Amino acid sequence: MAENNEAVEKDGQAKENKEQKKGGGLGCLITLLIILLTPVLVVAGMYFLSRDFKFFANRVMSQLPGSVGDYFASQPTRADELQVVKEAADFIMTIDDSRIVDKLKLIRSQDRRFYDDLIKEMLRLNPNRTRMLLESMRDTEEQRSILDIIKSDIEQEKEEEIKNFVEYLTTLTIEEAAVEIERICREYGGHARAARYFDSMEERTASRILYLLNNDNRNQIFALLSTAKANRLRGERSKDQKRLTELEQLAVVLKRETGANIAAELEKMVDEDKVTLLRLLGPRVAGLGLASFAETEQVFTLIARVKNAEIAEKGRDDVTPDMLKALKVYRDYADKVNELTEVYLKMDSARVVQVIRDIMINSGPETLYRLDNGDYIEISDMDLVTDILGKFSQKKLAEILSGLDDTLASELTRRMVLP
């Protein structure tokens, strides 16, 4: 019996020792976890509570390989924060004092550090005005997030400005719009502004304006656009290049046509294609075609657009002076033909035959009108005769030809038929 009691007591002691060892091991594990987790929690707390530490940690962690490093590299830096501050200051200094005061009160209540940076930037931009604004501020409590408010206000103002400016550009010609964009690109931050305009613009118009800019401005704007937007604009450019090839082929044909046929072809086109074709035809042939236009105002509008296109593409205009000179020569000539036609139609056919015979037999050398680009306009007495007779009715023309001898009639017929 005594032996049984002793065995039971030993078993109990063994269990108690085992429980004590188990409890001691768990305590060590908990202590170890506390030791390991405490620095992690401290670092995490500093990361979320201290901006300077957060920027430092992001910079260090961005060196890690893989997605972890990419994540920390994508986090905003101090430079990003200062850029937001600068944009906010630029925006705030453009609005009324009362609105500035309200915004500054809200910023101070939500983000003291952002507020301090903002005041420094405002003092740099306009110290006197900023000090006056600070003196007029009142302490109030605001609940909304300053970053959300600033971002919302800035984006709203920017969207409205972009919308208004894009609408303004649509009232201009493509060439005039390109000049406006070139002016913007010369301003501080102008390429970023221009990219926002192109992003909101109809793509065919945007592409045409973009490719009138100089290469440097165009490339910088392309770099600021999304890949999808840039590809769509390049696609529109490809369509325009195809159309340009078609117009080049048409220009070759029209250079052998009459002014009336050239004008008729131009009338079918949209204004941008008219400008392109006139430039391809060259000043002399363009002047010939424009001389046949009925509306003088339209003629000078097209010439102004040709001038803008030349300046936008080449930085100078060497085309429209010659085009205007050619236009005057052909218009004066057309007026002379019309006046003489009216006179000849009132004359007896026999008398007209005699005049035509004298002109053909005694025709002098061609009259030359030289253009600045080296080209020239050549008008002969025979041109005058054929253009006058070309306005006669078939019956009247038959009477004239029948009154001439065979040699002159043949020569006249040949000239009237051939280009």
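**Helices and buried charges**

Tutor: Start with α9. Nine of its 12 residues are buried, so this helix is largely enclosed by the rest of the structure. Keep in mind that the model is predicted.

Student: Which residues in α9 are buried?

Tutor: I174, E175, A177, A178, E180, I181, E182, I184 and C185.

Student: And how far does α9 reach from its first C-alpha to its last?

Tutor: It covers residues 174–185 and reaches 16 Å. That is close to the 16 Å expected at 1.5 Å a residue.

Student: Switching to R305. Which helix is it found in?

Tutor: R305 is in α16, which runs over residues 296–314.

Student: Buried or exposed?

Tutor: R305 is buried: its relative accessible area is 7%, and the cut-off for buried is under 20%.

Student: What is R305 in contact with, leaving aside neighbours within four places in sequence?

Tutor: T173, I174, E175, D271, E272 and V275.

Student: OK, K396 next. Where is it?

Tutor: K396 sits in helix α20, residues 394–403.

Student: What's the nearest side chain of opposite charge?

Tutor: E399, 4.7 Å away. K396 is buried yet has no salt bridge, because a salt bridge needs the nitrogen and the carboxyl oxygen within 4 Å.

Student: Which side chain does K396 join in a polar contact?

Tutor: That of S349, at 3.3 Å. S349 is also on the contact list of K396 once neighbours within four places in sequence are left aside, along with Y344, L345 and M347.

Student: Now α21. What span should it have?

Tutor: α21 has 12 residues, 406–417, so at 1.5 Å a residue it should span 16 Å. Its end C-alpha atoms are 16 Å apart, which agrees.

Student: Which α21 residues are buried?

Tutor: L408, A409 and L412. Seen down the helix axis, the buried residues fall within an arc of 100°, so they line one face of α21.

Student: What covers those buried residues?

Tutor: The cover includes α18 (349–361), α19 (381–389) and α20. α20 is the helix that holds K396.

Student: Which exposed residues does the face turned away carry?

Tutor: D406, T407 and V417.

Student: Last one. What caps the N-terminal end of α21?

Tutor: D405 does. One of its side-chain oxygens lies 3.1 Å from the backbone nitrogen of T407.

Terms used
Residues are numbered from 1 along each chain as its sequence is written. This is a predicted model: local features need pLDDT of at least 70, side-chain atom pairs count only at pLDDT 80 or more; totals for chains, interfaces and linings use all residues. Side-chain values use heavy atoms; hydrogens and water are left out. Helices (H or I, at least four residues) and strands (E, at least two) are DSSP runs, numbered from the N terminus. Buried means under 20% relative accessible area, exposed over 50%, partly exposed in between (1.4 Å probe, protein chains only). Lys and Arg count as positive and Asp and Glu as negative; His and the chain ends are not counted. A polar contact is a pair of N or O atoms within 3.5 Å; within protein, one must be able to donate a hydrogen and the other to accept it, and residues adjacent in sequence count only if both atoms are side-chain atoms. Contact means heavy atoms within 4.5 Å. The expected span of a helix is 1.5 Å times one less than its number of residues. The arc is that of the directions from the helix axis to the C-beta atoms.
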